[in-house]
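Hello,

Here is the structure I promised to pass on to you.

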Amino acid sequence: MSVAVKIPTALRAATGGESEVSVEGATVSEVLDALFEAFGELRARISDEDGALRRFVNVYVAGEDIRFLQGLDTPVADGSAVTILPAVAGG
Amino acid sequence: MAAEKLKCKECGNEYPLEALYVCERCFGPLEVAYDHSRLDDVAALRRRIQAGSEDVWRYADFLPLSGPPPGAGNPEIPLAGVPAGWTPLVRAERLGERLGLHDVWVKNDAANPTHSFKDRVVAVASGRARELGFEALACASTGNLAGAVAAQAAAIGLPSYVFVPADLEEQKILGTGVYGTNLIEVRGNYDDVNRLCTELSADRDWAFVNINMRPYYAEGSKTVAFEIAEQLGWELPDRVIVPIASGSLFTKIAGGFEEWLSLGLIEGNLPTMNGAQATGCAPVANAFAAGKDFCQPVKPDTIAKSLAIGNPADGPYALDLARRSGGAIDAVTDDQVREGIALLAQTTGIFTETAGGVTTAVLAQLATRGDIDPDERVVLVITGDGLKTLDAVRGSFAARQIDATVDSFEECIAGAPLVAQAVA
């Protein structure tokens, strides 16, 4: 299943400047693993030592924060978009 | 000016003072770091501050511009823009009396030009944006920031793009659109707006004041702390009560006190810091109560829309601050918010928006709980004007209608006597 992952500006150095990357995976966890497989540098930037997301990383599936879904186990439908963004304070 | 670099709050990685806001290494937020080594003459520094302009730029030594403040004295950015800050600190004897407290003060930031504290952060962010050569301002807003950005852009002659949740209070929509901005209503809540703007900021050459300008923007909030200390005669209060949306204002007020403490401009200890949220959007208060050091996001449902951030990015820092200062983060219901608005209005003459109702209600809750010593000096930070959220008071009182005759008046008051004393 092909999923488009949107890469934030701060991480594009690790993807050779790509703002969107296509990978395979049926859950957020699988999608991220595939992403780390393709771009090894991303793992340490997004995940902590235990494999959990760092606390200032927000991940969205079709625009919804995965913390309102099933976290890293959230299913990702074929053709849907996964967005990685930094948390930004100040409203 | 002494701003030296941007530094990651999580891992300490350093960056130049540009339009950057997130650490490439660990995704942590970037913050401005200063070199204050030349500020060693405290008496001279105090005199310079006291002789300064009556706005946020009197604290220019602690703000992140590389040149002088915007205005006629600065050929690079000659338009001063909206004058922000230097708002009244008011002694609130009658509010204190009502709550059994002897030394309560209100920092009335509704007295800013667009009627909320956001004029401070926008002054700083837009100043730095102009230094960096940006030619448009933008923001994601829960309402107050929208008006502040639109007004500032009008005053300094830049186009602006303001993104708000579509269900915002009408007063805030009207009070923003009037400045001639591009007003975009997003179908979603603030967290959706924030996500969208974070995506948009990557590919547009706009200064999103609270996204790519965020490190500079956040510094503006420190001026609330500086003013409180200066207005109290270079002394610290014992306790400060601050509303929490993203947690940025709360943490930066403490940061301002700590910066001055470290320089010896003021003496004593960091005040006890109390955060205030509405129960309909209380991710930080919930985490505080549960003893956690991170926030589980929520879907906001409260009349306090200016605090309706379900995914507060500075939540972890707000939790840490409340704990290490001996404070707490409380939540109050929408009914308490309405009561808080009325309590403040009827004891101080200050009409605040719903966020100030949250803050006042938390003060009342802490006092009732016995958490505040009656002799403590407490400062309540009121961030916005009641005219922005009129629905919160609609139906809370009745006026009497009469003919323009003495008989009609006498008849009216015979049925229901007038109240001849103030409330409380």
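**Notes on chain B**

Buried residues account for 55% of the 424 residues in chain B. Please keep in mind as you read that this is a predicted model.

On the overall fold: chain B has 14 helices and 13 strands.

Next, the domains. Chain B splits into domain 1 (3–80 + 118–217) and domain 2 (89–115 + 221–392). The C-alpha centres of these two domains of chain B are 22 Å apart. Their contact involves 28 residues of domain 1 and 29 residues of domain 2. On the domain 1 side of chain B, at least two residues each come from helix H1 (42–50), helix H3 (118–131), H4, helix H5 (170–177) and H6. By type, the domain 1 side that touches domain 2 in chain B consists of 13 nonpolar, eight polar and seven charged residues.

Which residues touch the most other members of the largest nonpolar core? They are Val149(B), Ala207(B) and Val209(B), in a core of 155 residues. Helix H4 (residues 144–156) of chain B gives the most to this core, eight residues. Both domain 1 and domain 2 of chain B take part, each with at least three residues in the core. As general background, nonpolar side chains tend to be buried together in soluble globular proteins.

Leaving out residues up to four places away in sequence, Ala207(B) touches Ala19(B), Ala125(B), Ala129(B), Phe134(B), Ala136(B), Leu137(B), Ala138(B), Asn212(B) and Met213(B).

Last, the partner chain. How many residues of chain B are in contact with chain A? There are 36, and they meet 21 residues of chain A. Helix H6 (190–203) and helix H7 (214–219) of chain B each supply at least two residues of that side, and H6(B) provides the largest share, with six. The side of chain B that touches chain A is made up of 19 nonpolar, 11 polar and six charged residues.

Best wishes

Note on methods: Residues are numbered from 1 along each chain as its sequence is written. Chains are lettered from A and ligands numbered from 1 in the order in which they are written. This is a predicted model: local features need pLDDT of at least 70, side-chain atom pairs count only at pLDDT 80 or more; totals for chains, interfaces and linings use all residues. Helices (H or I, at least four residues) and strands (E, at least two) are DSSP runs, numbered from the N terminus. A residue is buried if 20 or more other C-beta atoms lie within 10 Å of its own, exposed if 12 or fewer, and partly exposed in between; C-beta atoms are placed from the backbone. A nonpolar core is a set of buried Ala, Val, Leu, Ile, Met, Phe, Trp, Tyr and Cys residues joined through C-beta atoms within 7 Å. Domain bounds come from an automatic or database domain assignment. Two residues are in contact if their C-beta atoms, placed from the backbone, lie within 7 Å. Ala, Val, Leu, Ile, Met, Phe, Trp, Tyr, Cys and Pro count as nonpolar, Asp, Glu, Lys and Arg as charged, and the others, Gly among them, as polar.
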